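I opened the model to look up a few local features. My entries follow, one topic at a time.

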Amino acid sequence: MSNIFIAILSTSGALFILLAAVGFVRMPDAYLRISVTTKAVTLGVGLILISAAIYFEDLSITSRVLAIILFIILTAPVGAHLIGRASYLMKVSMWKKTTLDELDGKYNELTHELRSDDANKDKEEEK
């Protein structure tokens, strides 16, 4: 029974990683590619690692697998955010059909400060 569960988990993980690769090729700009790969690969690797933990049935391996999954869940979104921010600062163009740039007018290129809508409202209320 556990072999079937391991096969399902590892196959699902491999499919998510395959979908991330296909999404990376199919997405039209860097920002969408970052989003697709981060989400799908994180889930795919997590499923494969869980299947490895079930296969080996050892507490030390299971604890290492859980630590690796936690590390991936914590670092992958941060890395994707930094790559996306660096892309935006380098003025990597967005897809031509993108209709909204939420950072337009909120980012100061000299000081690298990002103003939120709440900060703009507070400044207007002070006046």
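**Loop residues with positive phi**

I started with Glu57, which is exposed at a relative accessible area of 65%. My cut-offs: buried is under 20% relative accessible area, exposed is over 50%, and partly exposed is in between, with a 1.4 Å probe and protein chains only. This is a predicted model, where local features need pLDDT of at least 70, side-chain atom pairs count only at pLDDT 80 or more, and totals for chains, interfaces and linings use all residues. Residues are numbered from 1 along each chain as its sequence is written, and side-chain values use heavy atoms, with hydrogens and water left out.

Where does Glu57 lie? I found Glu57 in the loop between H2 and H3. Helices (H or I, at least four residues) and strands (E, at least two) are DSSP runs, numbered from the N terminus. Glu57 is not a glycine, yet its phi is positive, about 50 degrees.

I then checked Lys91. Its phi is also positive, about 60 degrees, and Lys91 is not a glycine either. Lys91 sits in the loop between H3 and strand E1 (107–108). Lys91 is exposed, with a relative accessible area of 56%.

**Helix H2**

H2 covers residues 30–56, which is 27 residues. I read 38 Å from its first C-alpha to its last, close to the 39 Å expected at 1.5 Å a residue. The expected span is 1.5 Å times one less than the number of residues. Glu57 follows H2.

Which helices do the buried residues of H2 pack against? They pack against helix H1 (2–26) and helix H3 (59–89); contact means heavy atoms within 4.5 Å. Among the buried residues I noted Tyr31, Ile34, Leu47 and Leu49. Gly44 and Gly46 are also on the buried list.

**Arg85**

Arg85 is in helix H3. I logged Arg85 as partly exposed, with a relative accessible area of 37%. Leaving out residues up to four places away in sequence, Arg85 touches Tyr107 and His112. I also checked Arg85 against Tyr31: they are 54 residues apart in sequence and 9.4 Å apart in space, C-alpha to C-alpha.

**A nonpolar patch**

Which residues make the nonpolar surface patch of about 380 Å²? I have Met1, Ile4 and Ile8. Patch residues have over 30% relative accessible area and no salt bridge, and nonpolar side chains (Val, Leu, Ile, Met, Phe, Trp, Tyr) are joined within 5 Å. A salt bridge is a side-chain nitrogen of Lys or Arg within 4 Å of a carboxyl oxygen of Asp or Glu. Ile8 lies in helix H1. Ile8 is partly exposed, at a relative accessible area of 48%.

Terms used. Patch = residues over 30% accessible without salt bridge, like charges linked within 9 Å, V, L, I, M, F, W, Y side chains within 5 Å. Areas by Shrake-Rupley, 256 points an atom, 1.4 Å probe, with all protein chains shown as cover.
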